[in-house]
Amino acid sequence: VALEMLKKTPVDLIISDHMMPQMSGIDFLTVVRDRYPEIMRLMITGHADLDTAIKAINHGEIHRFLTKPWDDDLLREQVRDAFQRYRPPKAGSGDAPPP
């Protein structure tokens, strides 16, 4: 369902759980990365498996990996950081992309 929605609705950021009913969050975010590389991707999980996190980060599926229960302030900070770091500046804004 989410992949179908992405065909119709542009988004800048996806926050996905790792454990989902039809596919893992890594598999989902890998498809998103391949089809929509401009979309920022964060993953949250209650199953803090270090191998899963390393795989997801190293293969470029996600920008951040957070564990449950997460701290609301930390989640907001990570979302803010993702937008500041990965969103390209608007044309004519004079802002340079981050180094």
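Hi everyone, and thanks for coming. Please keep in mind throughout that we are looking at a predicted model, so let me begin with confidence. The chain averages a pLDDT of 79, and 82% of its residues score at least 70. Helix α1 has the highest confidence, with a mean of 90, while α3 has the lowest, at 74.

Now the overall layout. You can find four helices and three strands in the chain. If you walk along the sequence, they come in the order α-β-α-β-α-β-α. The chain has 99 residues, and 32% of them are buried.

Let's go inside. Which residues touch the most other members of the largest nonpolar core? They are Leu 6, Ile 14 and Val 32, in a core of 14 residues. Helices α1 (2-8), α2 and α3 (50-58) each give at least two residues to this core. The largest share comes from α2, which supplies four. As background, nonpolar side chains in soluble globular proteins tend to be buried together.

Let me take two of those core residues in turn. Leu 6 sits in helix α1, and it counts as buried because its relative accessibility is 11%, under the 20% cut-off. Beyond its neighbours within four places in sequence, Leu 6 is in contact with Val 11, Ile 14, Val 32, Tyr 36 and Ile 39. Tyr 36 is 30 residues away from Leu 6 along the chain, yet their C-alpha atoms are separated by 8.8 Å.

Val 32 is on that contact list of Leu 6. With sequence neighbours within four places set aside again, Val 32 is in contact with Leu 3, Leu 6, Ile 14, Pro 37, Ile 39 and Arg 41.

Val 32 is also one of the buried residues of α2, along with Gly 25, Ile 26, Phe 28, Leu 29 and Thr 30. What do the buried residues of α2 pack against? They pack against α1, β1, β2 (40-45) and α3.

His 18 lies in the loop between β1 (13-17) and α2 (25-35). Is His 18 buried or exposed? At 12% relative accessibility, His 18 counts as buried, since the cut-off for that is under 20%. Apart from neighbours within four places in sequence, His 18 is in contact with Ser 24, Gly 25, Ile 26, Met 43, Ile 44, Thr 45 and Thr 52.

In helix α3, let me point to Ile 54. With a relative accessible area of 39%, Ile 54 is partly exposed. Ile 54 and Phe 65 are 11 residues apart in sequence, and 9.2 Å apart from C-alpha to C-alpha.

Finally, the charged pairs. How many salt bridges does a search of the whole structure find? It finds three. Side chains of opposite charge can pair when their charged atoms come close.

Glu 4 and Lys 7 are three residues apart in helix α1, so about one helical turn separates them. Glu 4 is partly exposed, at 44% relative accessibility, and Lys 7 is exposed, at 54%.

Another salt bridge links Asp 73 and Arg 76, whose closest N and O atoms are 2.6 Å apart. Both residues lie in helix α4 (residues 72-86), three residues apart, which is about one turn of the helix. Arg 76 is partly exposed, with a relative accessibility of 47%.

There is also the salt bridge between Arg 33 and Asp 34, with 2.8 Å between the closest N and O atoms. Arg 33 is partly exposed, at 23% relative accessible area.

To recap, the core of 14 residues has Leu 6, Ile 14 and Val 32 touching the most other members, and the whole structure has three salt bridges.

Conventions
Residues numbered from 1 in each chain as written. Predicted model: local features only at pLDDT ≥ 70, side-chain atom pairs only at ≥ 80, totals over all residues. Heavy atoms only, no water. Buried < 20%, exposed > 50% of the residue type's maximum accessible area, 1.4 Å probe, protein only. Contact = heavy atoms within 4.5 Å. Core = buried A, V, L, I, M, F, W, Y, C linked by side-chain atoms within 4.5 Å. Salt bridge = Lys/Arg side-chain N within 4 Å of Asp/Glu carboxyl O. pLDDT = per-residue confidence, 0-100.
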